[in-house]
Amino acid sequence: MPSKFQFITELYANTLHELTHTAESWTGFLRTACYNYKCPFDEQVLIYAQRPDATAVLELDKWNKQFGRWINRGAHGIAVLSDENGMGKLKYYFDVSDTHASRYAQPLPIWKMDRVMKLKLLRRWKTRLVN
């Protein structure tokens, strides 16, 4: 029986291969990645493979200490590959939907593009394309 590390390694390879097969899979990946833009690409691939609806992922300690949010009982982490001291291992992220606010909860800075920002961005792209 393969270990969890082997399973996640194979999931990464298979997902990476499948991402570029269709426009729908690529845009689905980009939709997930845009919310988790601070994560490295390989972690984004595994987040997409396990939780394509994830909008904000962090490790348990960061949810607790930085945002005052606790992980819900029974929540399953999103396994990603980690290389600590040259040793391959797994670390686990949890999506905001796997958490609940404590009395010390801080607001979450989830990135969103509003209408005004979208118009400014389109004007800037148009200006750069013309020049």
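A: One term to begin with: accessible areas come from the Shrake-Rupley method with a 1.4 Å probe. The accessible surface of the protein chain is about 9500 Å². Carbon and sulfur atoms account for 57% of that surface. Keep in mind that this is a predicted model.

Q: OK, predicted. What is the average pLDDT of the protein chain?
A: The average is 91. At least 70 is the score of 98% of the residues.

Q: Which elements have the lowest and the highest mean pLDDT?
A: Helix α5, residues 115–130, has the lowest, at 84. Helix α3, residues 41–50, has the highest, at 97.

Q: How many helices and strands are there in the protein chain?
A: Five helices and five strands. Along the sequence, the pattern reads α-α-α-β-α-β-β-β-β-α.

Q: And what box do the C-alpha atoms fill?
A: Roughly 55 × 45 × 30 Å, taken along the principal axes.

Q: Let's go inside. How much of the protein chain is buried?
A: Buried residues make up 31% of its 131 residues.

Q: Which residues form the largest nonpolar core?
A: That core has 11 residues, including Ile8, Cys39, Leu46, Ile78, Val80 and Tyr93. Helix α3 and strands β3 and β4 each supply at least two residues of this core. Strand β3 gives the most, with three residues.

Q: Pick leucine 46. What is it in contact with, leaving aside neighbours within four places in sequence?
A: Leucine 46 contacts Ile8, Leu11, Tyr12, Ile78, Ala79, Val80 and Leu81.

Q: What about another core?
A: Another core of seven residues lies apart from the largest one. Ala56, Leu58, Phe94 and Val96 are among its members.

Q: Switching to threonine 15. Where is it found?
A: Threonine 15 is in helix α1, residues 4–19.

Q: Is threonine 15 buried or exposed, and why?
A: Threonine 15 is buried, because its relative accessible area is 10% and buried means under 20%. Not counting residues up to four places away in sequence, threonine 15 touches Val45, Tyr48 and Ala49.

Q: Now serine 82. Which strand does it lie in?
A: Serine 82 lies in strand β3, residues 78–84. Its relative accessibility is 12%, so serine 82 counts as buried too. Beyond its neighbours within four places in sequence, serine 82 contacts Met87, Gly88, Lys89 and Lys91.

Q: Last one, charges. How far apart are the mean positions of the positive and negative charges?
A: They are 13 Å apart, for 19 positive and 13 negative charges.

Methods: Residues numbered from 1 in each chain as written. Predicted model: local features only at pLDDT ≥ 70, side-chain atom pairs only at ≥ 80, totals over all residues. Heavy atoms only, no water. Helix = DSSP H or I, 4+ residues; strand = E, 2+ residues; numbered from the N terminus. Buried < 20%, exposed > 50% of the residue type's maximum accessible area, 1.4 Å probe, protein only. Contact = heavy atoms within 4.5 Å. pLDDT = per-residue confidence, 0-100. Lys, Arg positive; Asp, Glu negative; His and termini not counted. Charge placed at Lys NZ, Arg CZ, Asp CG, Glu CD. Core = buried A, V, L, I, M, F, W, Y, C linked by side-chain atoms within 4.5 Å.
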